Every structure is written in structure tokens, then in C-alpha cells.
Amino acid sequence: MSVPQVTLEEEEKDRGRNGVLEESPSLKTDAPLSNQLGLNLEPPLDPPETSPSPSGLLSLPWEVVASIASHLPAQCIINVLPQVCRALGEVGEDTSAWQLRAHRLTGPKASFPVGPREQFDWPTACLEMEQLIERWLEQEEWAQRQRALQQEEAEREQEMDEDMDGADDGEDGANREDGAHGEAAAMRNGAVREAAREPDGAEEDMRPDAVRAFQEDGENPLEIRIEEEQRDNEDEGIENGLAEGGENHQDPPDTAGLGGDREQNNGYLDDMMDEGIDEGEVSKPQPPRSPSPPLALEHITLPSGHIADVNSVLLVGGEGTVCASGSRDRNVNLWDLRRGPRGELRRTLCGRGLFSTHRGWVWCLAASGSLLASGSFDSTVRLWDLEAGGAERGLIRSRAAVLCLSCQNHMLLAGSHDQKISIYDTRAAEPLVKSLGLHGDAVLCLASDDQYILSGSKDNTVAVYDCRAGRLLKKIQLKSYLLSMSYSGREVWAGDNHGLVHTFSLNEGLFKSVAQFNVGHSSLVTGVHHSPGTLYTCSSDRTIKVHLPCAPPKTLCTLHHQAGVNGLSVEAGVLAIASGDMNVEVWRPRQ
């Protein structure tokens with residue numbers, strides 16, 4: 001007899017129909033379920049190490065991660081991502097990603113950098129360009145709005161002047177017409193008086209009607225003329241009369257016939273107000289506008305400290321908080337930009353036995369660490385100790401007026417009017433180390449590092465001297481002479497007397513001219529500052545310009561000044577300018 005086959009599913013259905021679910025005797029035990037099923041799931045004593053699979057952002061392909069990171073601010077990539085994890089920190093080491101970011105910032109038609117690309121500091125350049133765009137584009141928009149408002153105000157004033165001139169011309173014409181009427185009236189009145197003085201025997205037919213009426217009725221012809229003129233004025237809309245009690249009064253225009261009713265007159269005024277509102281003559285009060293957010297940059301003018309043009313300005317200390325200014329009043333002032341809303345004059349440097357810093361115009365400044373040097377037309381360079389509050393540290397005597405300075409550690413370079421470049425050791429009792437004759441005219445600008453000295457002269461040349469080799473590396477003839485120079489990395493940017501900006505590259509002992517650009521200046525370029533991601537220029541044409549340092553430079557902002565600008569200095573995002581109106585002005589990030 002065959003045993004019926006019953007499946008487990010059918011058995012469970014039968015148990016469910018009976019309402020009782022019986023436990024299997026084999027499962028009635030306290031042993032773990034895994035043991036009951038014959039499985040050994042106990043964890044091993046030493047589990048093998050397994051690396052977790054990447055998840056989230058790190059699970060994406062590296063190209064996608066780099067593309068996402070390219071939309072983050074450069075400051076976030078440099079400072080934040082390395083603290084998140086090592087893998088994301090490697091995003092900041094991808095040079096191609098920084099190059100794409102720089103290309104997006106400068107635009108597709110610009111070339112960046114202008115100098116050599118090898119060993120270029122791409123992260124710093126992108127960070128500086130982003131900060132420059134964020135701060136100065138907003139400043140340019142605000143400046144454009146201010147210029148538009150000033151232009152509208154000037155146009156309104158011009159229209160008002162023209163209207164006043166027209167009104168004066170109309171008044172002069174009216175006065176001429178009134179004079180003609182008055183002369184005619186005087187002639188008529190004179191005729192009346194002459195006729196009145198005629199002898200009684202004169203013929204009556206020859207007398208005017210008014211005289212006959214006066215003789216017959218006893219009326220005064222002058223009163224008749226006054227009444228006639230009053231009637232003429234009434235026809236023109238002007239009514240003059242005598243009120244009771246003999247007081248003069250003048251009714252409102254177009255109120256004749258109203259009977260002097262006060263309520264009607266008030267209604268008339270209300271109607272005039274309504275018409276004025278309808279015609280836009282009386283404007284309704286506008287709701288107050290919400291205050292605009294403050295600009296990213298704060299502009300201040302330092303308190304008056306000079307009594308002549310400021311020729312040179314220099315930010316020192318590394319944080320843009322201390323400013324030195326040299327002027328034609330023969331003084332050097334030290335300013336503390338942290339004190340007060342407009343900064344504070346800390347000290348006017350004074351030489352021994354002098355009532356001023358120098359005996360001649362202060363023309364140039366340079367600094368390295370705590371050392372500040374000032375060059376003057378009195379053919380001296382004075383040294384000052386910033387850590388000691390500006391105490392005098394030394395005096396160097398030159399043979400001619402000192403026109404430019406450059407300082408590297410303890411080595412001081414001075415370019416003078418006698419065509420020389422002097423190298424001094426500020427620690428030595430006899431500071432002069434060497435004198436270079438590289439030019440045929442006055443040396444106007446200098447730049448240097450620990451190996452090279454770059455100089456521009458009025459003889460239309462720019463020269464490079466190799467200090468280690470002790471020889472002239474190269475000399476380039478230009479069509480103009482350079483007045484200002486900035487040397488950063490392996491790029492040199494300089495401004496000339498025609499308003500042009502020149503670029504040079506200095507790489508592995510090879511110095512060459514790259515290009516020259518017209519950035520919008522129309523006169524002497526008196527100041528240049530360049531770093532991997534910034535370019536500032538100023539000119540005697542009363543403008544200061546902020547650019548991205550690409551080829552051609554991309555101008556972000558143009559500041560218009562009321563006087564010529566003689567120089568500039570940039571440090572930690574702070575811009576200071578030396579002005580021809582005896583002031584020092586500063587633009588700094590708002591705290």
C-alpha cells in the first residue's frame with residue numbers, strides 16, 4: 001500500500017484551517033537556530049581585514065569628481081577639502097583642473113599665464129583671481145552707478161541753467177515792452193499836461209476829449225488813465241485794486257467772479273492740487289527702499305598728514321595694516337590702518353638734527369622685514385626700524401638724487417639720477433658694496449630677487465644683471481622709458497611714459513620681451529603691482545585700474561581720482577595710492 005505524499009505547503013494549510021499551528025518536536029530546544037539547521041555561523045577569532053568599497057562622491061569616476069570640484073571656490077579646495085579626507089585633498093593637486101579653472105576666469109580669448117607655464121603656482125593664481133573678481137567687479141558696478149547719477153545731476157543743472165537763461169531773456173523782453181508802453185503813456189500824459197497848460201483862448205476843437213471832459217465834468221485825466229490800465233490788466237488776468245480801509249490786496253489768479261467766497265477759493269485750490277497730482281507735478285511719497293548691502297571693499301582717505309604731493313606709498317608688515325607715505329613736504333609718515341574708522345597717524349619720521357625726514361623731496365620707499373628705507377632728492381637714503389616704532393637705523397649718502405629703491409633681506413639697491421645702481425649692505429659700517437653703470441641716463445625703476453636685478457632707465461632701456469654671475473645678463477632697447485616695475489615669479493610687468501604696460505619673462509637665465517598692452521591709460525603709468533593672479537596699475541591721468549594678469553589684461557574696475565596718482569602699493573588684498581592732492585587713499589576688504 002502506497003503512502004500518500006503530502007507536501008509541506010498542504011500540511012501548513014491544513015494546520016491553518018484547524019486553527020492550531022503545532023511546533024515541530026525537533027525545534028523544541030534552546031539551541032541556536034543556526035546550530036539546529038546545521039550551520040556554523042560563529043564569528044572567527046581573527047576576522048580578515050577588508051577595505052571598504054568607496055561610496056558616495058568617491059565612488060564616482062575621478063574625472064567627474066574633478067569636474068564637480070571645479071565649481072567650488074578655490075579657497076574651499078585649498079583649505080577645506082584636505083581636511084575632509086586624503087582622497088578629496090588630492091583634487092587640489094590636479095594641475096589640469098586648475099588650468100581649466102583659470103581658463104574659465106580669464107575667458108576663452110585670453111592667454112594665461114603670460115610668462116612660462118612650468119612651475120607656475122596655479123592654485124594661488126586662481127584663488128587671487130576669484131577674490132579680485134568678487135571684490136572689484138562689485139566696486140566697478142557701484143562706481144558706474146555713481147557716475148551715472150552725477151551725469152544726470154549735471155544734466156539737470158544744465159537744463160535748469162538754460163531755463164533760467166530763457167526766463168531772463170523773456171523778462172528782459174517783457175521789460176522792454178513795458179518800457180515802450182510806459183514811454184507811450186508818458187508821452188500821452190505829457191500831451192495832456194501840455195494841453196492843460198494851454199491858454200484859455202485856445203480853440204476848443206483842438207483840445208483832446210479828455211481835457212474837454214475834465215473841464216466840463218471836473219474829472220482827473222490821470223485817474224481815467226489809471227482806470228484804463230487797470231481794465232487792461234484785468235483783461236490779461238491780473239487784477240489790482242484797493243480794498244476797504246485803503247489796504248493793498250491781490251486776489252488769487254482766475255478767482256474774479258467768485259465773490260471772494262473762502263470755501264469756493266479752497267475748493268479751487270483743491271482742484272489745482274488734484275490737477276497737479278494728475279499731471280505729475282506733485283509726486284506721491286515713495287515707500288522707503290531697503291538698504292543695499294555694503295560693498296566688499298571699504299574706501300578710506302587717511303587724515304591730513306602731508307602739506308604737499310605724496311610721491312610714494314608702501315604697505316608694510318605683511319597684513320596691510322601699516323602704511324608708509326613719502327611726500328614732497330620732505331616727510332615720511334607712518335599710518336596705523338587698524339585704529340579708528342579712517343586710520344591714524346602713528347608717527348612722522350624725523351632724522352637726527354632735522355625738523356623733517358629729509359632735506360629734499362621724498363621720492364621712493366622700500367622695505368624688507370622690519371627695515372624701511374626712504375630715498376630723497378637730497379642724495380641720501382635713510383634707514384628706519386619699524387619694530388622700534390620708526391627709530392632711525394642708519395644713513396647712506398649717495399652722489400645724486402635717489403629715484404628708486406629695492407630691498408632684499410639686508411641688501412639695498414638704489415637707482416639714482418647719475419645713471420648708477422648702487423648695492424648696499426645695510427649691516428655694514430661702510431654699506432656700499434658695488435656700483436653698476438648699466439644705463440646712459442637716470443635710473444627710474446628697480447625690481448629684484450636674490451639672483452637678478454632689473455632696472456629701467458630714461459635712456460629707453462631695460463637691463464637684467466645677474467648677481468651670482470656678476471655680469472649683465474641682457475639689455476633690451478625700447479621705444480619708451482619705464483617708470484614703474486613689478487617682478488613676481490618669472491614675469492615682469494612695467495609701465496611706461498606713453499601709458500602702455502609691458503611684459504617680460506625671465507626664465508632660467510633667459511630674459512625676453514613678451515608683449516605690450518594698452519590698458520586704457522592716457523599718460524604716465526606711475527605704478528604697477530603684479531602677483532600670480534592680480535594686476536594693478538595707476539597713472540598720472542587720474543585713474544587706477546584693476547586687471548586679471550592675462551594677455552591681454554582683463555580690466556575689472558577703473559577708479560577715477562580727482563588728481564594724478566603718483567604710485568600704489570598692494571598687500572593682503574589692501575590697495576593704497578599716493579595722490580597728487582596731498583592724500584593717501586586706501587581700499588581694503590570690509591571686516
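Helices (H or I, at least four residues) and strands (E, at least two) are DSSP runs, numbered from the N terminus.

**Figure 1. Overview of the predicted model.** The structure shown is a predicted model, with 11 helices and 30 strands in the protein. Of the 591 residues, 39% are buried. Among contacts with a separation of 6 or more, 45% join residues 24 or more positions apart.

**Figure 2. Lining of the largest cavity.** This cavity has a volume of about 60 Å³. Its lining consists of Ala 66, Ala 69, Ser 70, Ile 77, Val 91, Asp 94, Ala 97, Trp 98 and Arg 101. Helices α3 (62-69) and α7 (95-106) each supply at least two of the lining residues, and α7 provides the largest share, with three. By class, six lining residues are nonpolar, one is polar and two are charged.

**Figure 3. Lining of the second largest cavity.** Leu 302, Pro 303, Ser 304, Gly 305, His 306, Trp 335, Met 582, Asn 583 and Val 584 form its lining. Five of these residues are nonpolar and four are polar, with no charged residues.

**Figure 4. The second largest pocket.** The pocket contains about 440 Å³ of space. Elements that each give two or more residues to its lining are α8 (122-196), β3 (297-301), β27 (554-560) and β30 (584-589). Helix α8 contributes the most, with six residues. Of the 18 lining residues, Trp 142, His 299, Leu 559, His 560 and Trp 587 lie nearest the pocket centre. The lining divides into seven nonpolar, eight polar and three charged residues.

Figure 5. A search of the whole structure finds zero disulfides. For Cys 364, the closest cysteine sulfur is that of Cys 404, at 6.4 Å. A disulfide requires two cysteine sulfur atoms within 2.5 Å, and the separation of Cys 364 and Cys 404 is therefore too far for a bond. Cys 364 is buried, at 5% relative accessibility, whereas Cys 350 is partly exposed, with a relative accessible area of 35%.

Figure 6. The protein averages a pLDDT of 79, and 69% of the residues score at least 70. Over residues 32-41, pLDDT stays under 50, and the model has five contacts beyond four places in sequence for this segment. Residues 191-226 likewise stay under 50, with 18 such contacts. Where pLDDT is low, the predicted coordinates should not be read in detail.

Definitions and conventions. Residues are numbered from 1 along each chain as its sequence is written. This is a predicted model: local features need pLDDT of at least 70, side-chain atom pairs count only at pLDDT 80 or more; totals for chains, interfaces and linings use all residues. Side-chain values use heavy atoms; hydrogens and water are left out. Buried means under 20% relative accessible area, exposed over 50%, partly exposed in between (1.4 Å probe, protein chains only). pLDDT is the predictor's confidence in each residue, from 0 to 100. Contact means heavy atoms within 4.5 Å. On a 1 Å grid over the protein atoms alone, a cavity is a set of points where a 1.4 Å probe fits but cannot get out, and a pocket is an open set with protein on both sides within 12 Å along at least five of seven lines; lining residues have an atom within 4 Å of a point. Grid points are joined across faces, edges and corners, and a volume is the space filled by probe spheres set on the points. Ala, Val, Leu, Ile, Met, Phe, Trp, Tyr, Cys and Pro count as nonpolar, Asp, Glu, Lys and Arg as charged, and the others, Gly among them, as polar.
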